[in-house]
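Q: I would like to learn to read this model feature by feature. Could we start with the helices?

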Amino acid sequence: MPLNKEIQPGDNDELTRERLQATFDTQQMAAVLWDSDLARKRRELAKKVDKLTVLHDSKDMAFMTREEKLSENARKVVQMFAHMADIVEDPSDYAEVFHLSCNAIGHEGHPLAVHFVMFIPALQAQADDEQKEKWLMPALSLQLIGTYAQTELGHGTNLRALETTATFDKATDEFVIHTPTVTALKWWPGNLGKSSNHAIVSANLIIDGKAYGHHNFMVQIRDENTHKPLKGITVGDIGPKMAYNASDNGFLGFDHHRIPRRNMLMRHAKVDKNGAYTKPSHAKIGYSAMVHVRSVMIGHQGMFLGAASTIAIRYSLVRRQGEIKEGSGEVKILDYQTQQHRLFPQLARAYVFMFAGKEVRELYQKVLNDMEKGETTLLADLHALTSGLKSVVTHLCGAGMEQCRMACGGHGYSRASGIPEIWGVAVGGCTYEGENMVMLLQLARYLMKAVKEAKKGRSLGRLVDYLLLPQDKHSLIGRVPQGEYGPHLAAFEHIARRQIFKVADELAKLQDRGMSKEIAWQKKAVELQRAARLHTRFYLAACFHRKVQSVVDGRIREALADLYHLHLNYELLDMVNYALEDAYLKADQVDFIREDMYRLLETIRPSAISLVDAFEFTDRELRSVLGRRDGHVYENLYKWAKESELNRADVRQADLQTV
Ligand SMILES: Cc1cc2nc3c(=O)[nH]c(=O)nc-3n(C[C@H](O)[C@H](O)[C@H](O)COP(=O)(O)OP(=O)(O)OC[C@H]3O[C@@H](n4cnc5c(N)ncnc54)[C@H](O)[C@@H]3O)c2cc1C
């Protein structure tokens, strides 16, 4: 039995030869990436979806109009729920259901996406017991379909400036929801435009003329039977986007629309019938729905980059172009060092983003459990961690996927590669759930607080403990026996710590000179977001280290360690200017890192196919001709092109206009 369980009869010979070189069992590696139980569930689920033709794309999504995509995904999501009990082992297992959705529907969205990703988690976290009783079961059984409406046409990041109002009317025990200006229209919420009949709406709470800031309200927006917008409500779709075009992101306006007082989500903040307001125990407690999405999106981004890496690496093993040695025949493009240097670091990032996603989901679960008991100490840590990870991971994913696309040459630019669709979806993550730059600055604020504590010899939280440690003057990279990577990780730590303290000192100096705190912050904002990025990249490297250490199987651990060491080298070179500034690294050490990175590219090359096979993406899920598991790319590219709507007739009426 070959170690690589992906080998199947009928595969392209080149890929089979590649797969026979595997030094580890791909299914065991899949268990490290997904956890063994989920990996098993994913495999079984994919087989069931293969047999259920109602869940298959009726034609390639690339050839569909937006309206066709929306209808197609509405059809499939209904079928998905109708067959849910036969396909998934545990419908409450988010990861399993997400895998089903990736196979059946893809990444461009469906009418129930925000309902499950944001609406239900927001209800779970912010509704009180009585409200949960009323709305949660109907939501879970799809009697009501909801979205999360926070962003407005005029304001996204600056939540304090949101204009929608919820004014308490004591006489009727109701809130009056109103959109006072065009810029107050809710804008962007997913599945608002056409699909949802309810929305959790963020609005500025006003009682007796006093504003209490934005709070969340459950608002029915469409009739349950006719699906028509209710009186006083204007709702529609915001039009086509870069991607997510199977999703109906929408706009929403209210004309003095009345809802019962008890429609304010009251687990934390409360308003009684006399208009008395009780504030939440923690200022950020209402953000839990956003933190939830951030905590799942890290792993999803890892999956997106993993998918793009799978496509590009498989294709690079099928594609031959040019010769390395004249006369010895065309080589697989993955044999070029430049191609390896382009792709393997992206693969390593995909792995570590998946691992970080898992760590963060575990922390989120812990924070949720704590919050049930009224304990909120870890919420700030989680907020800081997810803010940094969300920003760094989405940014690096976007950049990494673009490398994957370019590595596929012209065919990468075709929708047949599948990369443009995944890329478009992935980079949306740079903006939603908190715009990246803004999130980095929020993490920077936390880091500046942590410096203040560190200077008093105290730690603000586990993730910033390292700020208490002394700074080494010089790195030991290249000065310890070959194969020891402790000094590499120490370099990440050093670079992050130095930048964090440096910018804290600079801020303090500006303020000592009489500059206000706010203006000083502006003067150092770019340096502050750099500090946040470096802190997060250290976290990611340390997370990779923890994962490698936790693996028991020797062969898996060795293969994973190669990827980890490549990651350390590649990322360090990417940020080497910080280590050169204070002469922490010397030029010969930088050369050492580079040479070791080139060595690792060669080491990883024979395992490349197995490292991507280990993601166990199905062809149905990848939706890529280039990334086909069996490697039969060319004949299928030709077949795919023939499906183009422009090929339906040899000559169309419009073609005659130009002759
Ligand atoms: C695909 C997608 C899906 C979405 N889904 C939803 C949804 O379901 N529900 C919902 O409510 N919203 C949704 N949104 C909206 C999203 O949450 C907002 O777009 C996001 O919060 C950013 O707000 P904005 O668009 O107003 O950008 P802005 O806040 O206007 O930001 C524009 C630029 O200004 C900069 N900037 C802004 N403030 C600062 C600051 N304080 N310091 C430094 N720089 C700053 C930003 O860095 C950015 O570069 C979605 C958006 C997208 C793209």
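Q: In which hand does H3 pass H6?
A: Two packed helices are described by the angle between their axes and the distance between the axes. Here H3 passes H6 in a right-handed crossing. A crossing is right-handed if the near helix is turned clockwise from the far one by less than a right angle, left-handed if anticlockwise. The axes of H3 (residues 36-51) and H6 (residues 94-104) come within 10 Å and cross at roughly 35°. Axes are lines fitted to C-alpha atoms over the stretch in contact, with angles from 0 to 180 degrees between N-to-C directions. Helices are DSSP runs of H or I, at least four residues; strands are runs of E, at least two; both are numbered from the N terminus.

A: A note on the source: this is a predicted model, where local features need pLDDT of at least 70, side-chain atom pairs count only at pLDDT 80 or more, and totals for chains, interfaces and linings use all residues. Residues are numbered from 1 along each chain as its sequence is written.

Q: How do the strands S4, S8 and S7 pair?
A: Strands of a sheet pair through backbone hydrogen bonds, either parallel or antiparallel. The open sheet here runs S4-S8-S7, with antiparallel pairing. Pairing requires at least two DSSP bridges between two strands. S4 and S8 (residues 250-254) have 2 bridges. Lysine 186 has leucine 252 of S8 as its bridge partner.

Q: Where does the shell around the ligand lie?
A: Domain 2 (123-280) and domain 3 (285-458 + 493-646) both give residues to the shell, so it lies between them. Domain bounds come from an automatic or database domain assignment.
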